[in-house]
Amino acid sequence: MTDFSSLEKALKSIEGINLARVAGRLVRVNGILLESVGCRLAIGQRCRVEGSDHTLIDAQVVGFDRDVTFLMPFKSPVGLIAGARVFPCEKEQDIQIGDSWLGRVVNGLGEPIDNKGKLGGDTPLATQPTQIHPLTRQPVIEPLDVGVKAINGLLTIGKGQRVGLMAGSGVGKSVLLGMITRQTQAEVVIVGLIGERGREVKEFIDHSLKAEGMAKSIVIAAPADESPLMRIKATELCHTIAAYFRDKGKDVLLLVDSLTRYAMAQREIALSLGEPPATKGYPPSAFGIIPKLVESAGNSDSSGSMTAIYTVLAEGDDQQDPIVDCARAVLDGHIVLSRKLAEAGHYPAIDIGQSISRCMSQITEKDHQKSARTLKQLYSTYMGIKPLIPLGGYVPGADPAADRAVNLNPAINSFLCQETDEAAPLNDVIQALGNISAVG
């Protein structure tokens, strides 16, 4: 009797064993796109493609056309052959996250790339950025000290605000991000280096973050030589990690450099799938993913906060660039860097006339707002008459407002300029701003 029951248990256990492994086959490689047939795969599903040396290349389903499934590899697909087997992954392996991630550098798949060993963790990380219900989102009511005089004083950022840092190439976006990262009062900093130069990753860690900044930071890197899918995954991973620490009650600062490279990665994928280009070669989906991504940032119903700063590349310094315009419409403010100011040695090259913080009025005192308004008016007045001064068109004493703007311009320039290693606490900045505005 005992032998029969043991045999029955053994037969039942066999029922759960897959006696055959389902696989499709690779029929075409078209640029960065792989095409397979013979296997049912869902959009977003992970799979593995067998290479010529029997190594497995990770890929993800990005589309299909009748019986043909389109795959996008995460890494360079070397060694693929016609008819290679494609194996579906039944369940994506969960990424476990915890406080041990602080001080580490990972790629878009959450794999460590800093040669410091495996990552620990006890909590499964969400596979996609979670959307926040608009009625449960906590308001922005408290300022966040970012340690930059021009921002703290004139463009004050609140905890939970989403801001765009907009400029052309080589104007100082990454340097300004480094200043903010080192001097911010946020408890956790998540840095996403998306689609930028590979050398910037180590330089940002060594020169911008440094040891004290890296201790409370997590860097997610997907340089320009990574696949577009990896760049998209890295950007989304930044948001899921930041949301994890926010929901633990931490004040989190998310820095993404850059949002434009994220849109460009989506453009590469969409054009490969045959989506028609719209504005400046960007397909409609590139403009659709930006609001969805940005809306996953900000405050939730937890006690923590998630402030996000996105760099946006204005191609040719064009502030009407479609990605710049799209980002400006969905963000809670924008900081514009001027090439003219940078060429004149004015750093950080923030154009306070074109920049705005939409949350400043609800997180600052009335006196602070009045001082900021006064300084902006003085700056605007001076910039208006500056071309006339060398020509003798400005006559002292003819206009008291112009005289005041000219007299205070050295003090205003000194206030707006800042060395990269110079600290500028929020309270000190507010006091200095008030002192300048009080001068008659």
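1. Ground rules. Residues count from 1 along each chain as its sequence is written, and side-chain values use heavy atoms, with hydrogens and water left out. Because the model is predicted, local features need pLDDT of at least 70 and side-chain atom pairs count only at pLDDT 80 or more, while totals for chains, interfaces and linings use all residues.

2. The barrel. Six strands close up in the order β1-β2-β5-β4-β3-β6, with antiparallel pairing. (Strands are DSSP runs of E, at least two residues, and helices are runs of H or I, at least four, numbered from the N terminus; two strands pair if DSSP finds at least two bridges between them.)

3. One pair in it. Strand β3 (residues 46-50) and strand β4 (residues 56-65) share five bridges in the antiparallel sense. Look for Arg-48, whose bridge partner in β4 is Asp-58.

4. The annotated stretch. UniProt, in an unreviewed entry, lists residues 159-341 as "domain: AAA+ ATPase"; such annotations may be inferred rather than shown by experiment. That span is 46% helix and 21% strand, and its end C-alpha atoms lie 29 Å apart.

5. Is β11 buried or exposed? Seven of the seven residues in β11 (residues 188-194) are buried, meaning under 20% relative accessible area with a 1.4 Å probe, protein chains only. Both faces are covered: Val-188 is among the buried residues on one side, and Leu-193 is among those on the other.

6. Its neighbours. β11 runs parallel to β13 (residues 251-257), joined by six bridges, and Val-188 has Val-252 as its bridge partner there. Six bridges also pair β11 with β12 (residues 217-222), again in the parallel sense, where Leu-193 stands opposite Ala-221.

Notes:
Buried means under 20% relative accessible area, exposed over 50%, partly exposed in between (1.4 Å probe, protein chains only).
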